[in-house]
Amino acid sequence: MMNIRKRIEQQVFRLNGLSLNEFDISQPPGDPGLFGPDSVIWRVHGDFAAMMCGGISALLLQMLHPAALAGVWDHSNFRDDMLGRLRRTSQFIAVTTFGNQQDAHTLIERVKRIHLRVTGVDNAGQPYAASDPHLLTWVHVAETSRFLAAHLRYKNPHLSLMERDRYYQEAALIAESLGAEQVPKSVAAVENYLQAIRPQLVCDARTREVTQLLMNAPAPSWQAKPVMHIMMKAGIGLLPDWAQQLAALPINPLQQRLVDGQIHLIAGLLRWSIQRGAYARAMKRMGR
């Protein structure tokens, strides 16, 4: 049994940012990082299965914004290295959430420098810059709202409204450190923001092409491929209804129930297998 557990954990680590071995989340002892073990963000970001589903959903939602999509289209090697792109995103989330304070700030500053180079003109002929505070807010809200949606569906549906608001307040620290402005910091504010931005969102040929590339992203192994496929479906199901319609990715209630059942089984297996994830390493660092 230990052998199966270890093999599944190794598969997971090949997918996430810890496989880059650049930052040690278990060190130094006692450093609480940006949030500490009593934060809500540690709980929400601490479950790999829910975060994978939420992360896929976040990418699908983010690229409905022409400027966000153009930044990826023009400046990313996602076509050749989709897994690498997912790993680097995963690393950023893991280190800024769970890492020590110095490592978290190091990674934030690195990403800010990268953003300064990401500029251009989107598909509608509008100039964009990855460092634009409003674009940073969009990327952040799309991401955190899907992480929270995944947590509520696949990990803890009983998270209180006060805790959900606290999650948005905590997560806003990272967005604002990157340069985002007017970041919504409650469930109600996030919902209002998403409704207000809807007229700016589009699904065109570019969006559909990147969606197909994401849906067909290579798995780290043949064993992981069916799991990735189910998680992709879960990501679609976590989109707001209006975003599913806009992206032409509708999922009916029967399909949704089937996917949810499969994810709950997968999540149970992953929680049993993953002994040394970012959350566990950070808790060990804090002597918990």
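Reply: Buried means under 20% relative accessible area, exposed over 50%, and partly exposed in between (1.4 Å probe, protein chains only). At 33% relative accessibility, Arg166 therefore counts as partly exposed, whereas Glu170, at 14%, is buried. This is a predicted model, in which local features need pLDDT of at least 70 and side-chain atom pairs count only at pLDDT 80 or more, while totals for chains, interfaces and linings use all residues. Residues are numbered from 1 along each chain as its sequence is written, and side-chain values use heavy atoms, with hydrogens and water left out.

Me: What joins the side chains of Arg166 and Glu170?

Reply: Side chains of opposite charge can pair when their charged atoms come close. A salt bridge is a side-chain nitrogen of Lys or Arg within 4 Å of a carboxyl oxygen of Asp or Glu. Arg166 and Glu170 form one, at 3.1 Å from N to O. Both residues lie in helix H8 (residues 161-178), four residues apart, which is about one helical turn; helices are DSSP runs (H or I, at least four residues), numbered from the N terminus.

Me: How many salt bridges does the structure hold?

Reply: The structure holds seven. One of them pairs Asp47 with Arg271, at 2.6 Å from N to O. Asp47 lies in the loop between helix H2 (40-44) and H3, and Arg271 in helix H13 (residues 253-273), so this pair ties together parts 224 residues apart in sequence.

Me: Is Asp47 buried or exposed?

Reply: Asp47 is buried, with a relative accessible area of 4%, while Arg271 is partly exposed at 35%.

Definitions and conventions:
Helix = DSSP H or I, 4+ residues; strand = E, 2+ residues; numbered from the N terminus.
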